[in-house]
Amino acid sequence: MHLRGAGREVTTIQSLTSTAITLYQITNVAISGLTIKGDFDGISISNTNSSSITISGNTITGNRNYSIYNYYSALPPTITDNIINQGGNGSAISN
């Protein structure tokens, strides 16, 4: 699956109450060309083979906890060419 926006300056996925994007027990995913804003986490990844997840070319900003939160996954996702602005209590990337 490829979640692809028209460009990080153009396409925004935002959650006002929770995590913007949750990947749970899913593989072979690419996320690109988006601005991602979550009230809690930007992207949450769990219980999956994260080696098949690629996060690239996004702006991830305005999250209270983590910008990218990877837990209970075999390997970390591939993360390239992202702009991550962490403004919350967590860290930009948690693995």
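**Entry 1: R64 and D39**

I looked up R64 in this predicted model and found that R64 forms a salt bridge with D39. The closest N and O atoms of the two are 3.0 Å apart. I then checked where each partner sits. R64 is in the loop between β8 (59–61) and β9 (68–71), while D39 is in the loop between β5 (35–37) and β6, so the bridge ties together parts that are 25 residues apart in sequence. For R64 I read a relative accessibility of 47%, which counts as partly exposed. D39 is partly exposed as well, with a relative accessible area of 23%.

**Entry 2: R8 and D81**

I asked how many salt bridges a search of the whole structure finds. The search finds 2. Besides the pair above, R8 forms a salt bridge with D81, and here the closest N and O atoms are 3.7 Å apart. Because R8 lies in the loop between β1 (2–4) and β2 (12–14) and D81 in the loop between β10 (78–80) and β11 (83–85), this pair ties together parts that are 73 residues apart in sequence. Is R8 buried or exposed? I noted R8 as buried, since its relative accessible area is 17% and the cut-off for buried is under 20%. D81 is exposed, at 59% relative accessible area.

**Entry 3: Tyrosine rings**

I next looked for aromatic pairs, and the search of the whole structure finds 2. Y66 and Y69 are stacked, with 4.7 Å centre to centre and 20° between the planes. Y69 and Y71 also form a stacked pair, at 4.5 Å centre to centre and 25° between the planes.

**Entry 4: The nonpolar core**

Last, I looked up the largest nonpolar core, which has 13 residues. Which members touch the most other members? They are I21, L23, I31, I36, I43, I45 and I55. The elements that give two or more residues to this core are β3 (21–24), β4 (29–32), β6 (43–46) and β7 (53–56). I picked I55 and listed its contacts, leaving aside neighbours within four places in sequence. Among them are I31, I43 and I45, and the list also includes I60, I68, P77 and N82. In soluble globular proteins, nonpolar side chains tend to be buried together.

Terms used. Residues numbered from 1 in each chain as written. Predicted model: local features only at pLDDT ≥ 70, side-chain atom pairs only at ≥ 80, totals over all residues. Heavy atoms only, no water. Core = buried A, V, L, I, M, F, W, Y, C linked by side-chain atoms within 4.5 Å. Buried < 20%, exposed > 50% of the residue type's maximum accessible area, 1.4 Å probe, protein only. Helix = DSSP H or I, 4+ residues; strand = E, 2+ residues; numbered from the N terminus. Contact = heavy atoms within 4.5 Å. Salt bridge = Lys/Arg side-chain N within 4 Å of Asp/Glu carboxyl O. Phe/Tyr/Trp six-rings, centres within 6.5 Å; stacked < 30°, edge-to-face > 60°.
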